[in-house]
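My comments are set out as numbered points.

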Amino acid sequence: MAEIVVVGAGPAGINAAERLCAHGHRVVLVDEGRQAGGQGYRRPSPGLDLDMAALMGTEAGKYEALHARFARLLPQIDYRPQTLVWAVEDRTLHVVQAGVAATLRFDALVLATGAMDKIAPFPGWTLPGVFTLGGAQVALKDQGCLIGRRVAFLGSSPLLALAAAQYRKLGCEIVAIADTTPFASKLAALPALARSPRTLWRGLSYLGGAMLAGVPVLHGVTPVEVVGDGHVEALILRDRRGRGRHFSCDAIALGYGLKPETQLAELAGATLHFDEAFRLWLPQCDADGRAAPGLYLAGDGAAIGGADAAETSGGLAAMALLVDLGSPVDERARLALRRRLARLRGFQKGLAKAFAWPVGQIRALPDDVMLCRCEEVRIGEIRRAMAQQLGPVEINRVKAMTRCGMGRCQGRVCGPALQEIVAGAAGIAGEQAGRLRVQAPVKPIALCVAGEAP
Amino acid sequence: MSRHTADVVIVGGGLIGVWTAFFLARRKQRVVLIEKGVVGAQSSGTNFGNLRLQGRFPGQYPLSLRSQALWEEIEALIGEDCEFAQTGHLYLAYDDEERAKLEGYAQVSESHGLAIERLGPSELRKRWPWLSERAVAATFSARDATANPRLVTPAVARAARALGVSIIENACVTDVARSGDGFAVKTADGGHWNCGTLVNAAGAWAVAIAERFGETAPIVPAGPPQFVTEPFPYLIEPSIQAIDGSVIFRQIPRGNIILAGYPRTVADPVNHRAPVPPAKTLAAMRALARVAPILAQCHVIRVWSGIEGYLPDMIPVIGPSLTMPGLFHAFGFCGHGFQIGPGVGLCLSEMIVDGTTPTPLEPFSIGRFRESVAVSEKFRKEFDGA
């Protein structure tokens, strides 16, 4: 029987594993998290009494359903939580499990690796008290903690309003929800967004709730600076009319939508292409998630689509795998899933246009802004390195000369902004700047995990 | 098709090519350097960055020492310091057999005027208290140094360009041929140069040029796997190497520890791939933790490699072609070209301009491959799949 490994225990991975098990396959489900659920359906730490039904709001039913399904699935699979996959080579995963390096062979691999926050730097963004939006939600769902008492939400993402609503529910004062994209761009994207009226309505209701509660909701802002003496004290913006705005706060949640975790897919043989709507390098797959022989991608790691799309794409990837193994699948069900996925991802593409990545703002950032916090590289260092004789124009070469993207996160945080800075300084399209190549380990691994020498 | 003339055309924009261009330009030669990608992209830019004088091939010491003198004045030479730092090199032995080998290397080094310190277990622990008890003996050479390989080649290329060298990147040489009493060089994008002298510094791709003129060498393209950790409080000043070949590492003042592991990995020069297999990453991590247990919790964050040429006797080819007057080879640096790079460039410039160099280069002649060449123990040990 084929060895099947699914990486990621969010809605995509769980759904894929469930469907494969239902066809009698043995599945190993590997997850970096301590508990299943992924980021969106994350469970609180054991022993923590958190009202998840209230926190999840309209999504509470789906949250409960997914965890109930996982509980039923658990006895049928080889589930390995807290397991980091750090390399893929020749149909073998290299993992670190319980502090020890090990390998896991596979014939077919389903990657449901999810996504992380996409971040744009601006002056002061490395000051303690500035969190990513996803980080702010992890603090909430995993630990029941707020990142501050008076929080500003900044960036360009529908999740700003969602997270702000969750924070407000737990007693946090929301000082502002500030979006860099002009309101007109959002109106222009409405036809695409109307393909998922329920989700659109949910997003609008979060915003409406915030406005009714008197939270300032701003569109078309330009982030100016985070000020504070050793910790966030205020967020300074320019509003759409160019007026300076000052928001006293003790924390900022920063998010520009999501960025797929594509490292393992690339190591496993997926080809990446630059997507103009998301302005990200995304893996190439067919409609069902096939990315290379024996490699299937699902969830936000394949294409940003949100929890419902993740679940749907997990089912499709499992079906594709079953078909490739010679098992018959229900073609009508498959077509329905494809239609549903196309609709959900189309909606996300609309969102990407409505909540645009602020290319112009990033390219115009001043020289003294920190771009790579791991290696402490400022934007001016990139521009100066590129401007000198025989200076680099390709992004990996820029990394080699400046150390930008060379640190602990390996460009996972600074990569998208670096891409714009390089393209801007070279006067070329984003795609032409190239793509930071991946190398294993995809995340840092301690020397001691390698064990004693034989 | 555009036609140009030059005194010297250099094929290959690695460390050897750019240093040769630099020294030729200082001797008023009109030089064109042609690189298929960008300067310093392969092993010249991705190596470990050691300027090691201990444990070299004995016949190479005159060249090595001449080269080190150039490194020691790099900022005055090219205007950039390239993170050159004279941090010394500590060579470790784990048992008596290795101690004897160390002593042999030390004596060779001393016969060429180097100062080598010998250290026993108690002195080792006193000076480097974090060293594992496994190390029973060591030699230390204070003159050994390091530099940042990512920075050096472009910096030398800039200095050469400032002296008038024409540096052409992203131009693949498609043909080299005899033309009159010189050479005609063509590139894929339609460039065409005539020159009196041709320098073959094309690294792992150099044999194709040699073979155009009836010479060859059994080159193996490979990549030296390199690794780096997250920053750790700065405490390791010298480069440290286990003589068993399991690991060499150094720390940069920023705190990151750079390590290289063996064996080397055969690379694919056609698709430009020099992989670092995960098993080698783990082996290098084990080897480092063995020498410096204090680093056990330190994380490896990144690996890299680049393609370079290896020869079975682990000695480079440097010097004139034996079949074609005006052609000079400098390739196959087998993982130790970084230290001798400036010296090779200087010697080649002397041979080209003066017809001779005071540094003995006979051991590096391409002529040795006319006979069957002994495969070195190092080559056997440091390669897999070769």
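The points below take up the basis of the model, then the cavities, then the interface.

1. This is a predicted model, in which local features need pLDDT of at least 70 and side-chain atom pairs count only at pLDDT 80 or more, whereas totals for chains, interfaces and linings use all residues. Residues are numbered from 1 along each chain as its sequence is written, chains are lettered from A and ligands numbered from 1 in the order in which they are written, and side-chain values use heavy atoms, with hydrogens and water left out.

2. The structure holds 2 cavities of 30 Å³ or more, a cavity being a set of points on a 1 Å grid over the protein atoms alone where a 1.4 Å probe fits but cannot get out. The largest cavity contains about 410 Å³ of space, the volume being the space filled by probe spheres set on the points, which are joined across faces, edges and corners.

3. Lining the largest cavity are 25 residues, and those nearest its centre are Lys259(A), Thr262(A), Gly411(A), Arg435(A) and Leu436(A); a lining residue has an atom within 4 Å of a point. Elements of chain A that give two or more residues to this lining include β17 (258-260), α8 (263-267) and α13 (395-402), while α14(A) provides the largest share, 3 residues. Helices (H or I, at least four residues) and strands (E, at least two) are DSSP runs, numbered from the N terminus.

4. The second largest cavity holds about 40 Å³, and its lining draws on both chains, with Gln388(A), Arg397(A) and Met401(A) among the residues from chain A, and Pro154(B) and Arg158(B) from chain B. Two or more of its lining residues come from each of α13 of chain A and α7 (149-162) of chain B.

5. At the interface, 38 residues of chain B are in contact (heavy atoms within 4.5 Å) with 34 residues of chain A. The two chains bury about 3,200 Å² between them, 58% of it on carbon and sulfur atoms, where buried area is the accessible area (1.4 Å probe) lost on putting the two parts together, summed over both.

6. Chain B and chain A are joined by 4 salt bridges, each defined as a side-chain nitrogen of Lys or Arg within 4 Å of a carboxyl oxygen of Asp or Glu. One salt bridge pairs Glu375(A) with Arg254(B), whose closest N and O atoms are 2.7 Å apart. On the side of chain B that touches chain A, α7, α9 (278-291) and β18 (299-304) of chain B each supply at least two residues, and α9(B) gives the most, with 9 residues.

Note on methods:
On a 1 Å grid over the protein atoms alone, a cavity is a set of points where a 1.4 Å probe fits but cannot get out, and a pocket is an open set with protein on both sides within 12 Å along at least five of seven lines; lining residues have an atom within 4 Å of a point.
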